[in-house]
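Subject: Structure handover and notes

Hello,

Please find the structure below, with my notes after it. Let me know if any part needs another look.

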Amino acid sequence: MTLNIPAIAAQAELHHQYLLGLELMVATREGPAVVGDWMFRLFRRQHEDKFLSSFHKLGLDGLPDAVACAKYHVLSNGVGGVAVEYMEESDTKAWVRFRYPRWMYDGAVICGVPVEASRGFLRGWYGQNGVSLGNPRLGFVCVSEDMTGQFGLCGYFREYDHDLSEDERLVFAPDERPPPFDPAKQPVPPVGEWTEERLAKANRNYAVEYIRNGVRELANVLGHERALELCRLAARLTGLQHYRHMADAVGGVDGGPAQAAWMADRRRRRPSCRRCLKGWEMRAGSRRPLTARSFTSPACGSCAGWTGGSVKRFWPAGPRSGAGRSTRSGPSWM
């Protein structure tokens with residue numbers, strides 16, 4: 001089945017914007033120290049989930065630790081659509097420099113996020129690489145930050161000749177400058193393994209994982225109720241603000257009463273594919289409405305995902321066909 005690349009890209013951007021909105025909301029409602037703690041926890045969880053497990057996929061096995069770490073951050077961020085430059089000085093010292101615009105602080109968001117957020121993620125991930133690799137001599141030196149008005153996030157992984165204390169794993173040296181960048185030496189993912197479709201899904205998953213782990217860790221910082229309150233408000237505002245952009249990205253058109261009635265009827269019907277049927281049967285005895293989380297298969301029209309607790313305003317335009325889709329009249333995605 002051919003993937004709908006524009007729809008996957010729209011999913012990625014929606015989750016990206018949600019993360020940015022939630023980041024601003026926590027910073028403005030709860031303060032710099034809280035958003036810094038949240039970013040630390042979020043990036044530590046991302047590190048624990050992704051760092052070592054991705055080494056083989058990115059072709060980094062057997063490299064010196066400092067080089068492998070720098071290449072890892074270039075490649076893994078590149079898969080997520082984030083531009084990072086690589087400069088290698090030696091086997092024990094390799095640089096990374098993030099280029100603008102910054103994905104994590106897209107647009108004017110960079111003006112509203114405190115520096116504590118950046119330092120939180122540096123402590124959560126970059127300062128932990130040596131620990132995860134079992135190399136107590138490996139640390140990260142940050143020479144430039146975004147929120148301080150320097151030249152963007154930049155620094156290098158360095159393997160020292162002695163074991164580092166916890167406070168030495170991440171240090172700041174704002175007077176240092178990176179070596180010249182050589183595009184010919186920029187690492188690339190293993191040839192033949194990263195198709196356009198795989199990259200599109202990886203880009204989407206990159207943003208989704210930050211939301212999934214971000215919400216979880218925000219609850220650990222603020223408590224369940226307060227985190228849920230902020231997450232719901234940020235999600236609603238992001239959806240309202242981003243609606244037109246997402247509709248345009250997927251060719252959406254506004255629906256009316258007929259489409260709303262069709263959707264209400266559709267939600268009462270038994271799904272036609274087995275993966276959806278499982279979710280439908282689990283909820284059949286409940287009075288709670290079916291949601292997008294109940295349906296996961298891309299092969300079934302019931303899985304379109306725009307149901308939720310109420311009918312959304314637009315429908316993807318243009319005919320689609322595929323196994324398991326109903327032939328009854330309805331919105332054109334069917």
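This is a predicted model: local features need pLDDT of at least 70, side-chain atom pairs count only at pLDDT 80 or more; totals for chains, interfaces and linings use all residues.

Residues are numbered from 1 along each chain as its sequence is written, and side-chain values use heavy atoms, with hydrogens and water left out.

Aromatic residues

Rings of Phe, Tyr and Trp (for Trp, its six-membered ring) are paired if their centres lie within 6.5 Å; planes under 30 degrees apart count as stacked, over 60 as edge-to-face and the rest as tilted. By this rule there are 14 aromatic pairs. One of them joins Trp-103 and Tyr-210, a tilted pair with 5.7 Å from centre to centre and 45° between the planes. This pair links distant parts of the chain, 107 residues apart: Trp-103 is in the loop between strand 2 (93-98) and helix 4 (115-124), and Tyr-210 is in helix 6 (residues 196-222). Helices (H or I, at least four residues) and strands (E, at least two) are DSSP runs, numbered from the N terminus. Both Trp-103 and Tyr-210 are buried; buried means under 20% relative accessible area, exposed over 50%, and partly exposed in between (1.4 Å probe, protein chains only).

Phe-140 and Phe-157 form a tilted pair too, because their ring centres are 4.8 Å apart and their planes are at 55°. Phe-140 lies in strand 3 (residues 138-144) and Phe-157 in strand 4 (residues 154-159), so this pair ties together parts that are 17 residues apart in sequence. Phe-140 is buried at a relative accessible area of 1%, and Phe-157 is buried at 0%. Ring pairs join Phe-43, Trp-103, Phe-121, Tyr-126, Phe-140, Phe-157, Tyr-206 and Tyr-210 into a cluster.

Helix 7 and the cysteines

Helix 7 (residues 224-249) has a kink of about 55° centred on His-242. The bend at a residue is the angle between axes fitted to the seven residues ending there and the seven starting there. Buried residues of helix 7 include Ala-227, Leu-230, Cys-231, Ala-234, Thr-238 and His-242. An α-helix has 3.6 residues a turn, so residues three or four places apart point the same way. After helix 7 comes Gly-251, with a positive phi near 70°.

Cys-231 has a relative accessible area of 5% and is therefore buried; Cys-69 is buried at 0%. The count of disulfides (pairs of cysteine sulfur atoms within 2.5 Å) is zero.

The second largest pocket

A pocket is found on a 1 Å grid over the protein atoms alone, as an open set of points where a 1.4 Å probe fits, with protein on both sides within 12 Å along at least five of seven lines; lining residues have an atom within 4 Å of a point. The second largest pocket holds about 720 Å³ of space. Its lining has 29 residues, of which Lys-50, Ser-54, Ser-76, Val-79 and Tyr-206 lie nearest the centre. Helix 2 (32-50), helix 3 (65-79) and helix 6 each supply at least two lining residues, and helix 6 gives the largest share, seven residues.

Ser-54 is in the loop between helix 2 and helix 3 and is buried, with a relative accessible area of 14%. Its C-alpha atom is 8.3 Å from that of Tyr-72, 18 residues apart along the chain.

Other residues

Ala-66 lies in helix 3 and is buried at 0% relative accessibility.

The peptide bond from Tyr-100 to Pro-101 is cis, with omega near 0°. Pro-101 is in the loop between strand 2 and helix 4. Pro-178 belongs to the loop between strand 5 (170-172) and helix 6, and is partly exposed at 21% relative accessibility.

Regards

Conventions. Grid points are joined across faces, edges and corners, and a volume is the space filled by probe spheres set on the points.
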